[in-house]
Amino acid sequence: MSLVQLAYEQLKAYEGRPTSAPGVGKDLVNEPMIRHWCEAVGDANAAYRGPDAVAPPTMLQAWTMGGLSGHADRSGAYDELSGLLDSAGYTSIVATDCEQEYLRPLRPGDRITFDSVIESVSECKTTKLGAGHFITTRMDIHADGEPAGTHRFRVLKYAPAARLSKTDERSPEVAGRPSETAERPPRADDRHQAPQNPRPRRPRPVINRDNAGFWEGVRGHRLLIQRCTGCRTLRFPWLPGCNSCGSPEWDTVEASGAGTVFSYVVMHHPPFPAFTTPDAPAEPPADAPADGTGPDAAAHDAAAPDAAGPGTASPGAASPGAASPGTASPGAASPYAVGLIELAEGVRMVSNIVGVPYDKVRIGMVVRLEFLRADEELELPVFRVAEGGEG
């Protein structure tokens, strides 16, 4: 389908139009839902239980959801806008972000009402996914008639960017740009140049103001744990406030790197190019010890999969069971082990377990922190089974 350029005024006309009729929450704010939510996210704050309990602020949208049966009073404005963009070639959609603003606490017994409008439609933007328009909807939420909060949800309706075929990727000219090597004889130092078809880069972790300090620590080969300066409770992953006392003030302590496997799963998935092993191991730094030890040793473990950071794990390039620990043939993929690691400091984090085949990982194994260099910009914390730990 060819892309049709829409007049921005045509899209902007949808701003301010309701996406649904005024809605009423299907349930009053209630203690069972609050309890289930807190148990699911591990939030033990005393403010969410007892006779004076309030609901966690981040539950704001939960009280407006329609469940499996949904809400039957959706207006045609949003569907009309979506259909218009579809017809113009913007056929794909991806959620990008949401924002919430809290105006007053919600308490058991509150009756929730809400209104939702199309707040804004952006001009055409060029993204890595393709060209498209950002659509922001805003829901204004009331509790017993009083303003309680605002929930904004943003999506990108886009036309997928055309991808080069493998033939095009090997061509001397791509998008009108001549290849330097196509116009001159090969030089002796060509082997030091980047390959024409570089391996796809691993996806970047999402870094925001709440976790930027963690990733800054990782770049310095330090695993930092947040510590509440009010009650001294350690917490991981990083959060903007303390679950125990509610204080927003915190500092950090550096983890020793020692830990044990508290739990684990074995991941199986089709191979993804960004997570397969490189064709050849990277050259070690000039100052690296000759025996391959040191803080960058994990960077040269071709079997080590990827770790996504605090509280998450993403597909990696684990060695098949037949391969010996620390080795893998080019392109090796799943299965691989992702562990919930209990650090010596008492907090737990999700990361990849390296150093033994995936089928040898066991609960209670002693592991040690290492840093895996995924590419020239990205390093990730992983955990290697200690010598003899596979017992």
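Buried means under 20% relative accessible area, exposed means over 50%, and partly exposed is whatever falls in between. Keep those cut-offs handy for the close-ups below, which all come from a predicted model.

View 1. C124 has 34% relative accessibility, so it counts as partly exposed. C38 comes in at 9%, and therefore it counts as buried.

**View 2. Helix α2 from start to finish.** Let's begin where the helix, residues 31–41, begins: a side-chain oxygen of N30 reaches to within 2.9 Å of the backbone nitrogen of M33. Further along, the side chains of E39 and R35 meet in a salt bridge, 3.9 Å from N to O. These two both sit in α2, four residues apart, which is about one turn of the helix. E39 is exposed, with 56% relative accessible area, while R35 is partly exposed at 44%. Just after the helix, G42 takes a positive phi of about 75°.

View 3. Side chains of opposite charge can pair when their charged atoms come close. Here R152 forms a salt bridge with E119, and their closest N and O atoms are 2.8 Å apart. R152 belongs to strand β6 (residues 146–160) and E119 to strand β3 (residues 112–121), so the pair ties together parts that are 33 residues apart in sequence. Both partners are partly exposed: R152 has 23% relative accessibility, and E119 has 25%.

**View 4. The barrel.** Five strands close into a barrel, and going around you meet them in the order β12-β13-β14-β16-β15, with mixed pairing. Neighbouring strands of this sheet are turned by 50° against each other on average, ignoring direction. Zoom in on β13 (residues 336–343) and β14 (residues 348–354), and you'll find antiparallel pairing over five bridges. E342 has its bridge partner in β14, namely R348.

View 5. Helix α5 (residues 212–219) lies across β15 (366–373) and β16 (379–385), running at about 65° to β16. The side chains of R384 and E370 meet in a salt bridge, 2.8 Å from N to O. R384 lies in β16 and E370 in β15, so this pair ties together parts that are 14 residues apart in sequence. R384 is partly exposed at 22% relative accessibility, whereas E370, at 16%, counts as buried.

**View 6. A salt-bridge network.** Salt bridges that share partners join E119, R138, D140 and R152 into one network. The structure holds 18 salt bridges.

Note on methods. Residues are numbered from 1 along each chain as its sequence is written. This is a predicted model: local features need pLDDT of at least 70, side-chain atom pairs count only at pLDDT 80 or more; totals for chains, interfaces and linings use all residues. Side-chain values use heavy atoms; hydrogens and water are left out. Two strands pair if DSSP finds at least two bridges between them. Axes are lines fitted to C-alpha atoms, for helices over the stretch in contact, and angles run from 0 to 180 degrees between N-to-C directions. Contact means heavy atoms within 4.5 Å. A polar contact is a pair of N or O atoms within 3.5 Å; within protein, one must be able to donate a hydrogen and the other to accept it, and residues adjacent in sequence count only if both atoms are side-chain atoms. Buried means under 20% relative accessible area, exposed over 50%, partly exposed in between (1.4 Å probe, protein chains only). A salt bridge is a side-chain nitrogen of Lys or Arg within 4 Å of a carboxyl oxygen of Asp or Glu.
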